[in-house]
Amino acid sequence: MQNYQIDNLDKAILVALMDNARTAYAELAKHLNVSAGTIHVRVEKMKQAGIITGAHISISPKQLGFDVCCFIGIILKSAKDYPSALDKLNALEEVVEAYYTTGQYSIFIKVMCRSIDALQQVLINKIQSIDEIQSTETLISLQNPIWRSVKP
């Protein structure tokens with residue numbers, strides 16, 4: 001099912017579910033002029049094809065006290081250090097995203113902390129103490145004016 005090609009109905013289903021993942025299939029069906037069974041079949045096919053990977057809720061990190069968002073570019077000592085460095089970064093709850101990248105950095109991560117002091121502790125005691133890491137550069141986010149998923 002890897003080569004499943006989505007059509008306009010699939011796109012409409014995806015857009016609706018991205019807007020509200022809790023929308024009932026019957027409601028979607030009525031809105032899209034198809035049967036609830038058709039919606040169910042299409043969603044299942046998109047799940048099997050790996051297009052739909054889950055349903056998520058959105059939370060506000062700021063409302064939970066996470067006031068500092070930053071991005072950290074990581075230069076590894078060696079390319080062979082990537083798997084073990086990634087394992088160690090994955091173990092840090094403050095690391096919420098990681099990317100293996102081209103360019104200046106081997107890994108680019110997003111980190112969320114409650115304060116600048118907490119960020120300093122994470123940098124010194126956790127990230128920069130990882131043996132495989134040669135150096136880091138930290139960019140603190142001032143705001144996140146655009147945040148969205150790709151549209152199908």
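Author: A residue counts as buried when its relative accessible area is under 20%, as exposed when that area is over 50%, and as partly exposed in between. Tyrosine 105 has a relative accessibility of 14% and therefore counts as buried. The model is a predicted one, and every value below is computed from it.

The protein chain contains 5 helices and 4 strands. Their order along the sequence is α-α-α-β-α-β-β-α-β. The C-alpha trace spans about 55 × 35 × 25 Å along its principal axes. The radius of gyration of the protein chain is 20 Å, whereas a compact globule of 152 residues would have one near 15 Å. Of the 152 residues, 28% are buried, and tyrosine 105 counts as buried. Among contacts with a separation of 6 or more, 66% join residues 24 or more positions apart. The protein chain exposes about 10,500 Å², of which carbon and sulfur atoms supply 52%.

The aromatic pairs now follow. A pair of aromatic rings is described by the distance of the centres and the angle of the planes. The structure holds 3 aromatic pairs. One of them joins tyrosine 82 and tyrosine 100: the ring centres are 3.9 Å apart and the planes lie at 25 degrees, so this pair is stacked. The cut-off behind that word is an angle under 30 degrees. Tyrosine 82 belongs to helix H4 (residues 82–90) and tyrosine 100 to strand S2 (residues 95–100), so the pair ties together parts that are 18 residues apart in sequence. Tyrosine 100 has a relative accessibility of 54% and therefore counts as exposed.

Another pair consists of tyrosine 105 and phenylalanine 108, and this one is tilted, with 6.0 Å from centre to centre and 40 degrees between the planes. The two partners fall into separate classes of accessibility: tyrosine 105, at 14%, counts as buried, while phenylalanine 108, with a relative accessible area of 24%, is partly exposed.

Conventions: Residues numbered from 1 in each chain as written. Predicted model: local features only at pLDDT ≥ 70, side-chain atom pairs only at ≥ 80, totals over all residues. Heavy atoms only, no water. Helix = DSSP H or I, 4+ residues; strand = E, 2+ residues; numbered from the N terminus. Rg over C-alpha atoms; globule rule 2.2 N^0.38 Å. Buried < 20%, exposed > 50% of the residue type's maximum accessible area, 1.4 Å probe, protein only. Contact = heavy atoms within 4.5 Å. Areas by Shrake-Rupley, 256 points an atom, 1.4 Å probe, with all protein chains shown as cover. Phe/Tyr/Trp six-rings, centres within 6.5 Å; stacked < 30°, edge-to-face > 60°.
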